[in-house]
Amino acid sequence: MPAVFLFATLDTKGREAAYVRDLLASWDIPVVLVDVGSLDRPTVSADVPREEVFTLAGTTVDAVRAAGDRGLAVTKAATGAARLARDAYAARKLSGVLALGGSAGTTIGTAAMRALPIGVPKVMLSTLASGMVRQFVGDRDIFMLNSIVDIAGLNRVSRPILSQAARAMAGLVSLPGPTTDASDKPDKPLIAATMFGVTTRCVERARQTLEQAGCEVLVFHATGNGGQAMESLIDEGLIAGVLDITTTELADELVGGFLSAGPERLTAAARAGIPQVVSTGAVDMVNFYAPESVPARFANRTFYKHNANVTLMRTAREENAGIGADIARKLSAATGPVSVLLPGRGVSAIDKEGQPFDDPIARRALHDAIRSGLHNVEVVELDLHINDPEFADVAARKLLELMRRVQKVQ
């Protein structure tokens, strides 16, 4: 079995890392202990010393120490750790990554994890795991385990948690993965689709149509991380077509909500030149957490309590115009076939007649901005709600049509 790479700052977490290493070794799991510290001398010996990590980052431990900048040290260690993990995996020497740490160790360990493909086991035991972890997890399948107490010493609380991390990794690397399903044929076109709870009916029906046509559909929850993951897979060349029904993350990026996928959302398919069908699903809303998380400047806006932890705010007419302009600008740069579908009767389950976010004026501003800003892109206006079955059918058929068009050209 290739080794588990265990990353830790061995000047401050040496005893704890050695405890985890020894547990894994006692279960016959090969371990490579990597020192990513830079301050004091390591308290235990490493299989990969810190000097090697910093060399991979294009610097030395002495240079980092001389700079006297702890932030720089962490950044360089993260760069070296990522390269080490990537190279070891390519050489088939790595079966998984386990890391321990506070803010510095989490930054370094998860950088190594994000350098690896989906499916490679990744476990991060962190003092930050109960807070906001999106910046650490990104678009990768990283298990975040809360350390409860600081990773500073072995005691009646830390030992069980350290053991949990070790047992989790041992199970991940030693137990068999899923068997290949007979329907998982590599020659099936892979479709990426975006969905939110308020566009589920549309995407579910369209997915069924695409699967019946012989496609495999990956549905991404448009919560920021979902959009980022989809864009990454498109950039990696894995996706044959995109059913981007739910572009709500653009609203959070423009207005300042909590579920933005960043400014590059809606650009990967355009760069790749793959067929895409795009709509305006859920751009009627900006996402916040509990009501007290909403900035004071929005006090007079229209809100909808989705649940105790999610508060939705209706986007205004001017914001809709800005979102529409953003969509038009990005899609006009596409090198492949694009079709934009505009649902005239509403863009989400709560944006329709009789629902709290129904706002025909804001909706019109959104769609007018898209129409006026697009260049050489097909626009299909439908007197339908986005969750009407007929809308889903048009979307699925249109994507299949665009994909057939590309295949004929090739």
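A residue is called buried when its relative accessible area is under 20%, exposed when it is over 50%, and partly exposed in between, with a 1.4 Å probe applied to protein chains only. By this definition Phe288, at 1% relative accessibility, counts as buried. The model is predicted, so local features need pLDDT of at least 70 and side-chain atom pairs count only at pLDDT 80 or more, while totals for chains, interfaces and linings use all residues. Residues are numbered from 1 along each chain as its sequence is written, and side-chain values use heavy atoms, with hydrogens and water left out.

Rings of Phe, Tyr and Trp (its six-membered ring) pair if their centres lie within 6.5 Å; planes under 30 degrees apart count as stacked, over 60 as edge-to-face and the rest as tilted. Under these criteria, a search of the whole structure finds four aromatic pairs. One of them joins Phe258 and Phe288 in an edge-to-face arrangement, with 5.4 Å centre to centre and 80 degrees between the planes. Phe258 lies in the loop between α10 (249-255) and α11 (268-272), and Phe288 belongs to strand β10 (residues 285-288), so the pair ties together parts that are 30 residues apart in sequence. Helices (H or I, at least four residues) and strands (E, at least two) are DSSP runs, numbered from the N terminus. Phe258 has 29% relative accessibility and therefore counts as partly exposed.

Phe288 also pairs with Phe298; this pair is tilted, at 5.9 Å centre to centre and 45 degrees between the planes. Here Phe288 in strand β10 is linked to Phe298 in the loop between β10 and β11 (303-307), ten residues apart. Both Phe288 and Phe298 are buried. Together, Phe258, Phe288, Tyr289 and Phe298 form one aromatic cluster.

Attention now turns to helix packing. Two packed helices are described by the angle between their axes and the distance between the axes. Axes are lines fitted to C-alpha atoms, for helices over the stretch in contact, and angles run from 0 to 180 degrees between N-to-C directions. Angles under 35 degrees count as roughly parallel, over 145 as roughly antiparallel, 65 to 115 as roughly perpendicular and the rest as oblique. A crossing is left-handed if the near helix is turned anticlockwise from the far one by less than a right angle, and right-handed if clockwise.

The axes of helix α1 (residues 14-26) and helix α7 (residues 158-174) cross at roughly 45 degrees and come within 9 Å, which makes α1 oblique to α7. The crossing of α1 with α7 is right-handed. Contact, meaning heavy atoms within 4.5 Å, is made by Glu16, Tyr19, Val20, Leu23 and Leu24 of α1 and by Arg159, Leu162, Ser163, Ala166 and Ala170 of α7. For residue classes, Ala, Val, Leu, Ile, Met, Phe, Trp, Tyr, Cys and Pro count as nonpolar, Asp, Glu, Lys and Arg as charged, and the others, Gly among them, as polar.

By class, ten nonpolar, one polar and one charged residues make up the contact of α4 with α5.

Helix α12 (residues 317-332) and α13 likewise pack at about 25 degrees with axes 7 Å apart, and are therefore roughly parallel. The crossing of α12 and α13 is right-handed. Their contact comprises eleven nonpolar, four polar and one charged residues.

Several loop residues complete the picture. Thr199, in the loop between β6 (190-195) and α8 (200-212), is buried, with a relative accessible area of 0%. Beyond its neighbours within four places in sequence, Thr199 is in contact with Thr246, Gly281, Ala282, Val347, Ile386 and Asn387. Phi of Ala282 is near 65 degrees, a positive value in a residue other than glycine. Asn376, in the loop between α13 (360-373) and β14 (378-382), has a phi near 60 degrees, also a positive value in a residue other than glycine. Asn376 counts as exposed, at 87% relative accessibility.
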